[in-house]
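Visitor: I would like to go through this model and ask what stands behind the terms used for it.

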Number of protein chains: 2
Amino acid sequence: MGAPTGPSRRSTSSRRHSGPDEATIDDLHAAVARRLERHDHRYTRGRRHLVETLARVARPVTLPQLADHADDLPQSSAYRNLEILERCGVISRIAGTADHAHFELAEPLVDHHHHLVCVSCGSLQDVHLDEAVEALVDAELAGAAAAAGFTPSHHSLDLHGFCNDCETG
Amino acid sequence: MGAPTGPSRRSTSSRRHSGPDEATIDDLHAAVARRLERHDHRYTRGRRHLVETLARVARPVTLPQLADHADDLPQSSAYRNLEILERCGVISRIAGTADHAHFELAEPLVDHHHHLVCVSCGSLQDVHLDEAVEALVDAELAGAAAAAGFTPSHHSLDLHGFCNDCETG
DNA sequence: CACCCTAGTGAGAATGAGTCTCATTCGCAC
DNA sequence: GTGCGAATGAGACTCATTCTCACTAGGGTG
């Protein structure tokens with residue numbers, strides 16, 4: 001729980017927010033392919049396209065935003081593939097107050113992180129917290145969950161407020 | 001940020017999850033009326049009905065669930081009033097992966113808390129964390145937000161997993 | 001009390017994000 | 001090359017939520 005050790009954590013670990021370089025992209029594709037295989041799914045061109053675009057933008061995006069960054073992205077295929085990729089643990093869907101859901105690469109493929117959620121425009125950006133704080137939160141939540149008969153899998157922590165654009169605009 | 005001091009925190013502070021007694025219900029209505037007045041809205045019968053039902057169930061509920069607990073709740077009015085109550089800071093809307101949004105009384109009117117989110121059935125229940133942990137999280141988030149040019153207002157922390165029903169069922 | 005005048009109501013229509021259908025195409029195995 | 005299940009994509013469809021609009025309620029004002 002929290003920050004599980006994933007297959008993609010090893011190479012060029014210092015770069016986080018800028019788009020991935022070619023070596024890490026290959027690693028990513030390999031990791032995704034493995035996950036799809038495990039679920040008896042093929043890693044087709046369309047799915048590669050989705051994963052590559054998500055890796056490139058490196059922030060949670062909606063489907064329309066995704067379509068802006070990727071040419072020729074048929075809606076029904078995109079939604080279907082996002083769902084399959086989600087079930088295989090490759091991406092995660094973030095449902096907020098915004099009318100569209102946001103999608104990003106799932107946690108074992110990228111570092112454990114949380115989100116700054118703009119209550120004005122609905123945009124999301126990533127934040128990374130200190131590991132000690134994460135551990136403390138996990139421990140605290142685990143205790144509370146046990147008391148409620150709840151079996152935890154992972155936590156999510158959002159900070160709501162105004163992004164730079166909405167604050168100054 | 002976190003657990004702001006609200007007008008309803010004073011009386012019978014030891015009861016949290018069981019439905020409110022008559023004294024606290026009166027306090028609640030008074031606090032809600034004040035908030036609505038401040039926004040030039042009336043505290044009508046339908047709105048009282050909503051607030052009272054939300055206080056009674058004392059957990060986040062969807063609109064259909066709300067309708068089960070409250071007779072004669074016209075859909076369009078319910079949605080409209082929930083939106084107005086949300087804008088006045090009386091209730092908060094929790095948009096998750098479930099197909100319906102969940103609604104509950106907003107934070108200054110109830111204690112600061114977080115949610116256990118069942119990834120199987122989409123149900124929600126409340127959890128309360130240690131204040132020291134909350135403070136630490138807030139401090140950590142505030143630092144990260146400042147670095148990103150983000151103006152924070154409040155945080156939300158969800159624990160995802162399986163509720164008692166879905167784990168055993 | 002009679003009259004306004006605005007906020008609120010609720011039934012039904014409209015919206016639109018997301019899902020489903022189905023005929024076609026792809027890609028791996030043999 | 002052939003077979004066959006998985007994948008594709010255009011379009012129909014679903015349904016939670018929002019919008020419209022004619023109507024009602026309720027609180028000032030004279």
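Guide: A definition comes before the contacts: two residues are in contact if their C-beta atoms, placed from the backbone, lie within 7 Å. The model is predicted. By that cut-off, residues 24 or more positions apart account for 56% of the contacts in chain A with a separation of 6 or more.

Visitor: What makes up the secondary structure of chain A?

Guide: Chain A has six helices and five strands. Read from the N terminus, their order is α-α-α-α-β-β-β-β-α-β-α.

Visitor: Why are strand 5 of chain A and strand 5 of chain B called paired?

Guide: Pairing requires at least two bridges found by DSSP between two strands. Eleven bridges join strand 5 of chain A to strand 5 (residues 151-162) of chain B, so the two count as paired. They run antiparallel. One of the residues involved is His154(A), whose bridge partner in strand 5 of chain B is His160(B).

Visitor: How many residues does each chain bring to the contact between chain A and chain B?

Guide: Chain A gives 35 residues and chain B gives 35 residues. On the side of chain A, at least two residues each come from strand 4 (124-127), helix 5 (131-147), strand 5 (151-162) and helix 6 (164-168). Strand 5 of chain A supplies the largest share, twelve residues. By residue class, this side of chain A holds 18 nonpolar, twelve polar and five charged residues.

Visitor: What makes a set of residues a nonpolar core, and which residues have the most contacts inside the largest one?

Guide: The members must be buried, with 20 or more other C-beta atoms within 10 Å of their own, and joined through C-beta atoms within 7 Å. The largest such core has 26 residues, and Leu116(A), Ala145(A), Leu116(B) and Ala145(B) have the most contacts inside it. Strand 3 (114-118), helix 5 and strand 5 of chain A, and likewise strand 3 (114-118), helix 5 (131-147) and strand 5 of chain B, each give two or more residues to this core. Leaving aside neighbours within four places in sequence, the contacts of Leu116(B) include Ala145(A), Ala148(A) and Phe150(A), as well as Leu124(B) and Leu159(B). In chain A, buried residues make up 28% of the 169 residues.

Visitor: Which residues come nearest to DNA strand C?

Guide: Among the 18 residues around DNA strand C, the nearest are Ser76(A), Ala101(A), Gly46(B), Ser76(B) and Ser77(B). Helix 4 (75-87) of chain A, and helix 2 (45-57) and helix 4 (75-87) of chain B, each give two or more residues to this surface. The largest share, four residues, comes from helix 4 of chain A. The surface divides into four nonpolar, nine polar and five charged residues.

Note on methods: Residues numbered from 1 in each chain as written. Chains lettered and ligands numbered in written order. Predicted model: local features only at pLDDT ≥ 70, side-chain atom pairs only at ≥ 80, totals over all residues. Near = placed C-beta within 6 Å. Nonpolar A, V, L, I, M, F, W, Y, C, P; charged D, E, K, R; others polar. Buried ≥ 20, exposed ≤ 12 C-beta atoms within 10 Å, placed from the backbone.
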